[in-house]
Amino acid sequence: MSLKTFLPGGPSVNGQQTTLGVMGGGQLGRMFVQAAQAMGYFTVVLDPDPSSPAGLVSHHHIKTAYDDEQGLAQLIQRCDAITTEFENVPAAALATLAAQRVVAPSASCVAVAQDRSKEKAHFEQCAAISGVAPAPHAVITTDAALAAVPADLLPGILKTARMGYDGKGQVRVSTREELAAAWDGLDKVPCVLEKMLKLRAECSVIVARGADGQVVCFPVQKNTHHDGILALTEVYDGALDATLAQRAQASTVAIANHLHYVGVLCVEYFVVEKADGALDLVVNEMAPRPHNSGHYTQNACDLSQFEAQVRALAGLPLPVPRQHSPSIMVNLLGDLWFEPNATRAQASQQPVSPPWGAVLALPGTHLHLYGKLGARAGRKMGHLNITGSSVAQVRETTAQVLALLGLPALGA
């Protein structure tokens, strides 16, 4: 990728204000757009949904499919540089855009993240540098590959190679019979079987890398998931073993460098217990974009992950992020808008407003809602960042927030 700088407020390729584009109109695109606009950029969103969260706040919204030729032509005409807000944007569309405009991350990087088998292969290559490898696994694409799966990979988790997220496209299996049935149930699409390990914690690392190769790291995030969806993220000294955190950061830098990545990248890790009882780190997957676990940076750091995304795309300097406050991020799902015991029909007719007044009366609470027009169970509607002067204060406030919202207690 060539070194180009697009200063905010300057002349664009078409003689207008410098404009940044984003493929995808979800909440990550919305927060990218807001960060870009705060810095003085004009923005364009390409997303087929007329009420997409990002499209509602952008200067321009191109309402076409991601591979629509006319839509892509409009995006090229309006923008100086273009990014993506989710990994399932067609890599071919990004390649089309990159023929005429700066695109970050590149189509080749996104293509790796779109396919678990390619992703695992990349992680194995980087393990020689970082020492952090993926879980033992096997790629299953044929009946012969299924039959050749080593016995020591069971019990395991069968995951579709493409399109799985938030626990979707995943099946736990204990025997060869269950494995065969699970693969058949997934219509025999290409899959990856991962050996189940003794999981002790989950964490993630966000880095931003510029076209000049400069890489900066955000603090390591300790994550808690419920039903395969991120529930909360804790970021403060002591949340995770310091040695493991340093290894996770070094591994993420190696992964980004090996791809010649440009933009914001999140890599997720498992902390596992080995046979001798010692803790180890296993790399799980990567997201070529800002990440749910990095939302705390909006209020706890002097550089948010979204401003870092803008800076990397526009070729601006990337200062090392500084976390000024311990923080916990609470994910807000659509379930909060429904009465706990309501039937599905009642819930659709009688949405309730969560107790935001009581929540926002607590010190250090920062509410971020995504502007989605309808709540439903499991849908990400927003997040709440909690900051404070001490870890104890943040944890105490979080405990009160979770009780008010009827969510599982911290550490549960």
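Which residues are linked with K120 in a network of salt bridges?

1. K159 and E194 are linked with K120 in that network. A salt bridge here is a side-chain nitrogen of Lys or Arg within 4 Å of a carboxyl oxygen of Asp or Glu.

2. Some ground rules. This is a predicted model, where local features need pLDDT of at least 70, side-chain atom pairs count only at pLDDT 80 or more, and totals for chains, interfaces and linings use all residues. Residues are numbered from 1 along each chain as its sequence is written, and side-chain values use heavy atoms, leaving out hydrogens and water.

3. The structure holds 10 salt bridges. One of them joins R289 to E87, with the closest N and O atoms 2.6 Å apart. R289 sits in the loop between β15 (279-287) and α10 (297-300), and E87 in the loop between β4 (81-84) and α4 (91-98), so the pair ties together parts 202 residues apart in sequence. Helices (H or I, at least four residues) and strands (E, at least two) are DSSP runs, numbered from the N terminus. Both R289 and E87 are buried. Buried means under 20% relative accessible area, exposed over 50%, and partly exposed in between (1.4 Å probe, protein chains only).

4. E234 and R395 also form a salt bridge, at 3.2 Å from N to O. E234 is in strand β13 (residues 229-235) and R395 in helix α14 (residues 391-405), 161 residues apart. E234 is buried at 6%. R395 is partly exposed at 34%.

5. R247 pairs with D280 in a salt bridge, the closest N and O atoms being 3.0 Å apart. R247 lies in helix α9 (residues 242-258) and D280 in strand β15, 33 residues apart. R247 is partly exposed at 25% relative accessibility. D280 is partly exposed too, at 22%.
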